[in-house]
Number of protein chains: 2
Amino acid sequence: MIAHSAAMRIEIICTGDEVLTGKIVNTNFSTMSQKLEDVGLSVYWGTTVGDDRESLTRAFVLASERADAVIVNGGLGPTVDDLSQEVAAQAAGVELVLNEEWLVRMEGFFTRRSRIMPPNNRKQAMLPAGAEMIDNPVGTACGFAMDLGRARFFFTPGVPRELWRMLDEQVIPRLLARSGAPTVIQLKRFHSYGLGESHVDTLLAGVEDLVPGGGVKLGFRAHYPQLETKLTVRGADLDDIRRKLAPVQAEVRKRLGNFILAEDDQTLEGVILAALTERQGTLAMVETFTGGQMAARIASLPGAEHVFRRGVVSRDFAQVHEAVGAHGWPAEMSEAVVEAVATAARENCGATYALAVLIELDEGADRMDLGGTIWIAIAAEDEVVCRRSRILGGREWVRLGAIELGLDCLRRYLQGLPVVERIDFEKT
Amino acid sequence: MIAHSAAMRIEIICTGDEVLTGKIVNTNFSTMSQKLEDVGLSVYWGTTVGDDRESLTRAFVLASERADAVIVNGGLGPTVDDLSQEVAAQAAGVELVLNEEWLVRMEGFFTRRSRIMPPNNRKQAMLPAGAEMIDNPVGTACGFAMDLGRARFFFTPGVPRELWRMLDEQVIPRLLARSGAPTVIQLKRFHSYGLGESHVDTLLAGVEDLVPGGGVKLGFRAHYPQLETKLTVRGADLDDIRRKLAPVQAEVRKRLGNFILAEDDQTLEGVILAALTERQGTLAMVETFTGGQMAARIASLPGAEHVFRRGVVSRDFAQVHEAVGAHGWPAEMSEAVVEAVATAARENCGATYALAVLIELDEGADRMDLGGTIWIAIAAEDEVVCRRSRILGGREWVRLGAIELGLDCLRRYLQGLPVVERIDFEKT
């Protein structure tokens, strides 16, 4: 049994030659670990082994001796090198038994696709005797749970889409129940651009304490140029969660203010597209050194076909002027020039808004202090706003920062917020 | 001692809370494992643990009992949570001893940067007594090797740039020497687009046997839409390698023919840029559903500022026509239309070549059999060539395929190869 005073010791065992040999990067491990962290659980040991009976058996036995709960990922497929059920049964000293319920489910899965189930898929319905079946609503790999040694083992499919569904809906609730934690946990996320992790950490000092008795934990996930601020809330039920979350999220919104560009599953580009769609606006874009990466964020979204009018990409300012019909402007950059480019692009493409992001990259070889001057202008029907910024850190860093800064300025403009507000990443 | 008849058992232990909690994806593991595969070695067990004395000790002891060689990654930094040296010394039952040579190297490292070495960096020169120092020419984390149990342990830094250098120059040669393998190993790589892995595998059947006595191993790494074909060659010395490789690589080039788009460290976009630069050509691009991702591959490369004239991105064919000045063309797609767009783009941007990739995406929600019709035209001074293709597999799959197909057609055109040649991914 799990001692309620101590944290539950959770292990992850990733199986498969493709992962072991590095043919595929093990994002299943990192995402599983993050999903557990998000609900207040944590992984203390990770093991990777190939499709090999001896290694799998050893890994199961070792984990069964030291962990409280083990998630095994992969090896539930129909082929001969999928060994998880077989090795699990052997380790437990039981037989594999046909699970009639899953067999019927699988046959239905194939019937709905007008196909006959291949005979080797039957293997996927063979579970160790006594195992608890775990539903996989989106695939033929049946999950299952069983005890081995002192640990509860959860066997999950390697296909990411199937794994995430099973983890969220089946495995995590079971882990939380076993951990003795309040069963209701909610994750609230804020996405921001322009403030570094330590800056946000300072700004948010003390927000966890706004709930008497606790239950809210603050965390971060930095993926430059964006930062994700996470609030993990534990409560007795959903009402309790809402009660605890309300004052904290209000305070986070107040302190981070205009820097919050999206919440939860929203994205910066999604927020921009939604804001444009709502007002039946259309967009033209002009970019230089970002080379199409700004347009790529918006133009490929579902629904963008009604909003995204045209993007112009060049590395040459004269080309930019010509492309948008802003003739006769000097090649030298200035606020007037970038504003003229945005205005001309808007008119030329018949769009309601235009965003121009023109970059003067420093000369010379790539290096840590190579920088770029970023000229941003947004043209609307009756006004043009402009922002100049400078980012250092090498070619890639400048490019990534410029893309995010350009899109975030547009987000701010569409939301009626100041387009010019100092960010941590710029040198002025 | 290692039995020469059996394969050397190599383990990797990755350390650090950021990896264990999934804050960072463990690409160090997959890249290390691939690098070892590339020289004919293989990893049979992977362990991930946090910055925690108990877990580190357990992981070292377990590996020392079952492996021949162990690579430990991370934990060599100057801060208190970098524990590798300390735990290694404890596991071996020896003291930590100051390595004067490394201390001097570190002080020099700081002096060259006009800085004083902070006192806590001294910790990085403390190695377990009797350990072999392993050079790190690009950082302050000193690598080292020592025996624990039956295994040789190699301690490496977590910073990827430092790790790759140490692995390639120091660790792999030591592993090869211990494995009893010929010390010279070379990897030859071919990149292709358009043929699936099993197709290429069939095409290349028997190429390994062209060298009497063997020494060449064929392998693949698929990263859709490209496929990497790898030849690992083992030999007594470089001459021996060259002698073995020559007939095999000639045969691979012959059998894969026009589908080889680049070799070794070359990339598709790099090959295109080089071909254009060589003939002092310039390029204009027009793209629709790929939304700027084609332009992004070329425009941001160093040197592209002299070649890449302009890219036009839109989701709307009328906009495309207008943007390139191809007025009066019907909105309905045809060979004539896409050729007119490419021709107009070329003239309008004053470029020597223009590539137009226009996509008609199927209607409706995203699904596995959602497809797109891809119209490609390349305009040069005296001709226009055209290709129509159809790819199925959902929005993302169509987009990725279209980007690669469009760029690969341009590569073929610039190399004087047929632009139309059937690929495995298209439905016609």
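Which residues in α9(B) meet which residues in α13(B)? Let us start there, keeping in mind that this is a predicted model. From α9(B) come B:Leu268, B:Glu269, B:Val271, B:Ile272, B:Ala275 and B:Leu276, and they meet B:Leu407, B:Asp408, B:Leu410, B:Arg411 and B:Leu414 in α13(B). Sorted by class, this contact has eight nonpolar, no polar and three charged residues.

How do the two helices sit against each other? Two packed helices are described by the angle between their axes and the distance between the axes. Helix α9 of chain B covers residues 268–278 and helix α13 of chain B covers residues 395–414; they pack at an angle of about 35°, with their axes 10 Å apart. The crossing of α9(B) past α13(B) is left-handed.

Now turn to chain A. Here helix α9 (residues 268–278) and helix α13 (residues 395–414) pack at an angle of about 35°, and their axes are 10 Å apart. Again, α9(A) passes α13(A) in a left-handed crossing. Among the residues making this contact are A:Leu268 and A:Ile272 of α9(A), along with A:Leu407 and A:Leu414 of α13(A).

Finally, look at where the chains touch. Chain A gives 47 residues to the contact, and chain B gives 47 residues. On the side of chain A, α2 (27–38), β2 (43–49), α10 (293–299), β14 (308–313) and α11 (317–324) each supply at least two residues. That side has 17 nonpolar, 21 polar and nine charged residues. One bridge partner to find is B:Gly311 in β14(B), which pairs with A:Val313.

Terms used
Residues numbered from 1 in each chain as written. Chains lettered and ligands numbered in written order. Predicted model: local features only at pLDDT ≥ 70, side-chain atom pairs only at ≥ 80, totals over all residues. Contact = placed C-beta atoms within 7 Å. Helix = DSSP H or I, 4+ residues; strand = E, 2+ residues; numbered from the N terminus. Nonpolar A, V, L, I, M, F, W, Y, C, P; charged D, E, K, R; others polar. Pairing = 2+ DSSP bridges. Axes fitted to C-alpha atoms, helices over the stretch in contact; angles between N-to-C directions. Left-handed = near helix turned anticlockwise from the far one by under 90°.
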